[in-house]
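Dear colleague,

Please find below the structure I am handing over to you.

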Amino acid sequence: MIELTPGYSVSPQIALEDVQAAADAGITLVICTRPDAEVPPELSHRAMEEAARAAGMAFVYIPVTNESLTLEQVTQQAELLAEADGPVLAYCRSGTRCSIVWAMGKAGEMPVDEILATTAKAGYQLEGIRPTLETLAAQKG
């Protein structure tokens, strides 16, 4: 798990055996942004949801691809983060998509430079989406 901000971490694909460790680390909500078409059946969102719920965590499936990312998905995740009653872990193949969704949700709330510095510090270089973040920030402002 890579902490982007207090209360929000991202991760590459987690395995079933990682779920209890996330719960033990205090995670209360797991968000899967990796579409089932990218993983074997044993790592499907349904299998991961069952494991998360068995470990006492909430679970939400928001399948995202770079080609199909929507503002609806960004808003859904932002709302989940705002309403979460504890730390959140979002995962995908590498953690990049989760970072992008978070960054887009923060546009207009945080300065774009700060958003990009936050993701860069965590190892996610998102400078390529700066124009998108600036447009979103302007629309929200």
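Predicted model: local features only at pLDDT ≥ 70, side-chain atom pairs only at ≥ 80, totals over all residues.

Helix 1

Helix 1 spans residues 16–24, and its buried residues are Val19, Ala22 and Ala23. Viewed down the helix axis, these buried residues lie within an arc of 95°, so they line one face of helix 1. Glu17 and Asp24, on the other side of the helix, are exposed. What do the buried residues of helix 1 pack against? Their partners are helix 2 (45–54) and strand 5 (88–91). Just after helix 1 comes glycine 26, which takes a positive phi of about 100°.

Alanine 90

Strand 5, one of the partners of helix 1, contains alanine 90. Is alanine 90 buried or exposed? Alanine 90 has a relative accessibility of 0% and therefore counts as buried, the cut-off being under 20%. Leaving aside neighbours within four places in sequence, alanine 90 is in contact with Tyr8, Ser9, Val10, Ser11, Ile31, Gln77 and Cys98. The C-alpha atom of alanine 90 is separated by 12 Å from that of valine 64, and these two residues are 26 residues apart along the chain.

Threonine 119

Threonine 119 belongs to helix 5, which covers residues 112–121. Its relative accessible area is 0%, so threonine 119 is buried. Which backbone atom does the side chain of threonine 119 reach? That atom is the backbone oxygen of leucine 116, at 3.1 Å. When neighbours within four places in sequence are left aside, threonine 119 is in contact with Leu4, Ser99, Trp102, Tyr124 and Leu126.

Helix 4 and helix 6

Two packed helices are described by the angle between their axes and by the distance between those axes. For helix 4 (residues 96–106) and helix 6 (residues 130–140), the axes come within 8 Å and cross at roughly 35°. Helix 4 contributes Ala103, Met104 and Gly105, which meet Thr132, Leu133, Leu136 and Lys140 of helix 6. By class, this contact has four nonpolar, two polar and one charged residues.

I hand the model over to you with these notes.

Yours sincerely

Conventions:
Residues numbered from 1 in each chain as written. Heavy atoms only, no water. Helix = DSSP H or I, 4+ residues; strand = E, 2+ residues; numbered from the N terminus. Buried < 20%, exposed > 50% of the residue type's maximum accessible area, 1.4 Å probe, protein only. Polar contact = N/O pair within 3.5 Å; in protein donor to acceptor, adjacent residues only side chain to side chain. Contact = heavy atoms within 4.5 Å. Arc of directions from axis to C-beta. Axes fitted to C-alpha atoms, helices over the stretch in contact; angles between N-to-C directions. Nonpolar A, V, L, I, M, F, W, Y, C, P; charged D, E, K, R; others polar.
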